[in-house]
Amino acid sequence: MAECLDINCELDIEKCLPEESKHTDDDTYELSCITLSDPEDEGRASCPNCLRPLPACWCPHLPSPRINTTTKLVVLQHPGEIKRNIRTCKMLELGLSPGCCTVYTGRKFPGTDDNLTSILTDPSTKILYPGPDSVPLTSLPPSSISNLVILDGTWDQARKLFSRNPTLQAMPKVSITLSTPSEYVVRTQPAAGCMSTLEVGVHSIAILEDRQDIVEPLLAPLIAMCNVQINHGAVGHDNKESKQQNKEYKKRKPQYRDR
């Protein structure tokens with residue numbers, strides 16, 4: 001869940017996808033075969049891996065070798081997230097070893113995908129989603145979750161994915177709370193404590209597998225991307241709660257001593 005300085009482009013997603021990647025009847029497809037570039041970047045050389053223009057490529061900051069994990073991440077991505085050229089889910093895919101992070105894009109899950117159905121109904125699979133019945137990750141034994149499901153999109157998109165998919169609602173929920181602010185400073189978060197998809201995935205694995213050493217190398221591409229954006233004119237963003245507090249703040253009248 002991520003969210004916002006968006007350098008969005010209006011794309012016809014169906015026209016941009018290869019035949020094998022277009023929406024099925026259940027509106028679900030696996031993202032691994034999608035290759036997209038933003039319209040504003042057409043005519044400029046782009047990295048074939050991160051799909052960013054070469055001057056903004058963050059691939060040199062990926063961990064090498066890629067990091068292997070016992071916990072597998074399953075990212076259910078809203079189609080609208082594909083249009084964002086500063087999305088972070090790709091950093092998870094490229095930073096983790098093959099098979100450690102699988103991304104499905106659509107609005108209906110699991111749809112007709114038998115493999116995804118098996119994953120989502122596995123008792124050892126949990127979904128990262130807040131709520132009164134959500135169990136903090138820090139209270140679970142290390143390596144107690146085989147598959148961790150993450151919803152990828154804006155908070156509004158993530159809420160819709162959850163509320164419109166009974167299979168997701170039936171899954172046991174877990175939550176994560178961090179005291180450190182998000183490194184995703186070029187997108188506005190809805191509240192303090194909210195994080196990008198990359199940060200959620202990385203910190204969750206670090207907690208579940210007791211591996212704090214993986215946080216810095218896996219977040220390096222995000223920090224590099226934000227630095228590039230800021231150096232090219234983007235501004236850092238506060239979360240929405242801070243913005244509202246600043247908006248409602250009223251300056252006090254200056255106080256004068258009695259004469």
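In which strand is Ile 150 found? Ile 150 sits in strand β6, where strands (E, at least two residues) and helices (H or I, at least four) are DSSP runs numbered from the N terminus. Ile 150 counts as buried because its relative accessibility is 1%; buried means under 20% relative accessible area, exposed over 50%, and partly exposed in between, with a 1.4 Å probe and protein chains only. From C-alpha to C-alpha, Ile 150 and Leu 128 are 5.6 Å apart in space, though 22 residues apart in sequence.

A word on the model: this is a predicted model, in which local features need pLDDT of at least 70 and side-chain atom pairs count only at pLDDT 80 or more, while totals for chains, interfaces and linings use all residues. Residues are numbered from 1 along each chain as its sequence is written, and side-chain values use heavy atoms, leaving out hydrogens and water.

**The whole chain and its cores**

The chain has eight helices and seven strands, and 50% of its 259 residues count as buried. Nonpolar side chains tend to be buried together in soluble globular proteins. A nonpolar core here is a set of buried Ala, Val, Leu, Ile, Met, Phe, Trp, Tyr and Cys residues joined through side-chain atoms within 4.5 Å. The largest such core has 39 residues, and Leu 73, Leu 96 and Leu 128 have the most contacts inside it. At least two residues of this core come from each of β2 (72–77), α2 (89–95), β3 (101–106), β6 (147–152), α6 (197–208) and α7 (215–231). A second, separate core has 16 residues, including Phe 109, Leu 120, Ile 127 and Tyr 129.

**One side of a helix**

Which residues of helix α4 (residues 155–163) are buried? They are Trp 155, Gln 157, Ala 158, Leu 161 and Phe 162. These residues lie on the same side of α4 because they cover an arc of only 160° around the axis, taken from the directions from the helix axis to the C-beta atoms. Their cover includes β2, β3, β4 (125–128), β6, α5 (166–169) and β7 (173–175), with contact meaning heavy atoms within 4.5 Å.

**Cysteines without partners**

A disulfide is a covalent bond between the sulfur atoms of two cysteines. Here a disulfide is counted when two cysteine sulfur atoms are within 2.5 Å, and the count comes to zero. Two cysteines show this:
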